[in-house]
Structures are given as structure tokens and as C-alpha cells.
Amino acid sequence: MALLKKIINRHIVNVRIVPTVRLTSNDVKISSSDDAPVEIENPYTKERRQCILCKLNVTPDYKNYRLLSQFQSPYTGRIYGRHITGLCRQKQMQVEAEITKAQNCAYLPYYYKDKRFIKDPKLFDPENPIRPHRF
Amino acid sequence: MPAYELAIMLRAMPKNELKSSLRRISQAIFDRGGIIRNIENLGFRPTPYKTSAHGLVHREANYFIIKVDTASQAVADLKEEYSRDVDIIRQRVFKAPTDIQDSCTLEDELLPPAYRKDVQKMIDIGKTQVNRFTYKFKYNSGLDYYPFQR
Ligand SMILES: [Zn+2]
């Protein structure tokens with residue numbers, strides 16, 4: 001008898017009776033404050049691209065002709081276009097104006113690139129322009 | 001008095017002559033009530049192209065930049081005086097650069113054409129440029145056939 005009582009006791013302890021409540025949409029109150037969508041900035045926006053002169057905060061100057069010569073073609077001395085240099089409109093216009101000034105002051109040659117500056121690091125690749133062009 | 005930069009090339013000459021010609025150049029500025037802020041020596045080096053001045057061909061030059069505050073009226077005077085100076089091969093006057101910092105517009109320029117502001121403006125202009133002079137036949141004018149050659 002004692003054994004039976006023990007077994008029944010154990011079983012009853014194991015089986016818990018949970019009162020089930022059926023929830024309906026009428027009587028459930030979900031507070032709107034904690035579940036509402038939060039106004040945040042789009043976390044997937046890409047970083048704003050900047051041209052190399054704006055990124056490094058460099059203002060082209062005709063006295064800094066070594067920098068300007070990097071925007072010249074080593075073969076013809078011509079200024080590379082915006083589709084090759086990847087500069088923004090304003091910086092490209094400044095670079096072109098300053099190169100013209102530097103050439104006029106005889107700091108830079110017109111028809112070639114100074115041989116001392118030929119091995120300067122490349123800021124861009126003329127073979128891979130950012131926009132296709134007809135040359 | 002606005003700020004100017006005189007970019008000056010002097011002919012190859014010994015140091016004491018260079019000194020006296022620089023003194024002469026700056027004296028001309030002082031005589032017209034100008035102020036010299038700074039004189040930069042960019043060195044003596046071969047020029048990228050030969051230059052002829054005052055009957056001589058120069059392939060090397062002393063480069064100087066003089067930052068000057070002077071009246072605008074005096075600049076033309078100075079240029080005229082320097083053009084007569086035999087030591088000066090070439091002289092240019094520029095306004096001193098001012099720092100204008102605008103944010104980079106590269107991102108907007110790399111957008112597809114239909115999204116660019118300047119292209120949209122061009123399209124709007126194009127819409128107003130309708131050709132009013134070529135006659136377009138109207139089908140509701142009573143003729144039930146097209147009278148012109150297609
Ligand atoms: Zn930029």
C-alpha cells in the first residue's frame with residue numbers, strides 16, 4: 001500500500017495541471033508603446049563617396065606643381081578628364097585652372113610630364129575610367 | 001588692399017646680383033605703397049621650356065613668389081616696370097587664393113543620368129523647345145485620308 005501511495009504521489013507531482021486560457025483579439029491588450037516601429041536612420045545606407053582631393057582636404061595650387069603633374073598624361077602632357085581622375089566637378093575645374101597657371105609660370109611643361117615626377121604614385125588608372133569614353 | 005602673388009622668374013646670375021635685383025623689385029612695390037608679406041624662393045632650376053626675354057634665350061631660371069598687398073591700380077604699373085627689367089624673364093600676377101570649402105558633389109555626379117539635377121534641367125528645357133513651325137496634319141479636319149506623302 002505504501003508503495004502504491006508513493007508511485008501515485010510521484011505521478012501526480014510530475015503531472016502539473018496548468019490552467020489554459022484561450023486568448024482572443026478582443027480581450028488581449030498589447031500596449032502600443034513598446035512594440036511600435038522605432039524611427040531610426042537607415043543602417044544600410046552606403047558611405048558618401050568623395051573624390052581624393054576632398055577626402056584629403058587638398059586645395060590644388062599652382063605652386064604645388066608636383067601634385068598637379070599627377071593629373072597630366074606622361075605621354076602628351078594633357079590634363080586627364082573627370083571620367084579618369086574621378087574628381088568632383090569643382091576640384092577638376094580648380095585642377096585644370098591651376099595647371100594652366102603653372103604651365104604659364106613655367107613650373108610645368110606643356111607637352112610632356114617632368115621626368116622627375118614620372119615615378120610618382122598613381123592617383124587613378126587611365127586604363128579604367130569610371131565612365132566609358134570614346135578614346 | 002587686395003592680396004596678390006607675383007610669380008617671377010629671374011635670369012641665372014650670381015648671388016649678389018640676384019640680391020640687388022630682388023631689392024630693386026621690392027623697392028618698386030614699396031614705392032607704390034604696397035606691402036610685401038612674404039618672399040618665397042622656389043630655387044634655381046632648368047625651365048620646362050626655353051624662354052626668350054630681352055633678346056636672350058633662357059633655359060634656367062631663379063623662381064620667386066612674392067606675396068604682396070597692394071592697390072589694384074598699382075599692379076598694372078608694376079607689371080609695366082617689371083617688363084622693362086632685364087633680369088626678369090617672366091612675371092605673372094595672380095590673386096592670392098582664398099579657401100572655399102564646399103562639400104564634395106562626386107556622389108551626385110555618379111548617379112544615373114535620369115537622377116542628376118543638371119540632366120533633369122536639360123530635359124525640362126528640351127520640353128519647352130517644341131518646334132512650332134513644321135505643320136502637323138490634323139485628322140479631324142474633314143479629310144478622311146492623309147493628303148501628304150508618308
Ligand atoms: Zn570632391
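In this predicted model, Lys63(A) and Glu5(B) form a salt bridge whose closest N and O atoms are 2.8 Å apart. Lys63(A) sits in the loop between helix H3 (52-55) and helix H4 (65-68) of chain A, while Glu5(B) belongs to strand E1 (residues 3-10) of chain B, so the pair joins two chains. Both Lys63(A) and Glu5(B) are buried.

A salt bridge also connects the side chains of Arg82(A) and Glu109(B), at 2.9 Å from N to O. This pair crosses between chains, running from helix H5 (residues 82-85) of chain A, which holds Arg82(A), to helix H3 (residues 106-109) of chain B, which holds Glu109(B). Arg82(A) is partly exposed because its relative accessible area is 25%; Glu109(B), at 9%, counts as buried.

Within chain B, Arg37(B) and Asp69(B) meet through their side chains in a salt bridge of 2.7 Å, N to O. The two residues are 32 residues apart and link distant parts of the chain, with Arg37(B) in strand E2 (residues 35-53) and Asp69(B) in strand E3 (residues 56-69). Arg37(B) is exposed, with a relative accessible area of 58%, whereas Asp69(B) is buried at 10%. Salt bridges with shared partners also join Arg11(B), Glu17(B), Arg24(B), Asp85(B) and Asp87(B) into one network. Over all chains, the whole structure contains 18 salt bridges.

Gln91(B) lies in strand E4 (residues 88-95) of chain B. With a relative accessible area of 14%, Gln91(B) is buried. Its side chain reaches the backbone oxygen of Lys79(B) at 3.0 Å. Leaving aside neighbours within four places in sequence, Gln91(B) is in contact with Ala7(B), Ile8(B), Lys79(B), Tyr82(B) and Ser83(B).

Conventions
Residues numbered from 1 in each chain as written. Chains lettered and ligands numbered in written order. Predicted model: local features only at pLDDT ≥ 70, side-chain atom pairs only at ≥ 80, totals over all residues. Heavy atoms only, no water. Helix = DSSP H or I, 4+ residues; strand = E, 2+ residues; numbered from the N terminus. Buried < 20%, exposed > 50% of the residue type's maximum accessible area, 1.4 Å probe, protein only. Polar contact = N/O pair within 3.5 Å; in protein donor to acceptor, adjacent residues only side chain to side chain. Contact = heavy atoms within 4.5 Å. Salt bridge = Lys/Arg side-chain N within 4 Å of Asp/Glu carboxyl O.
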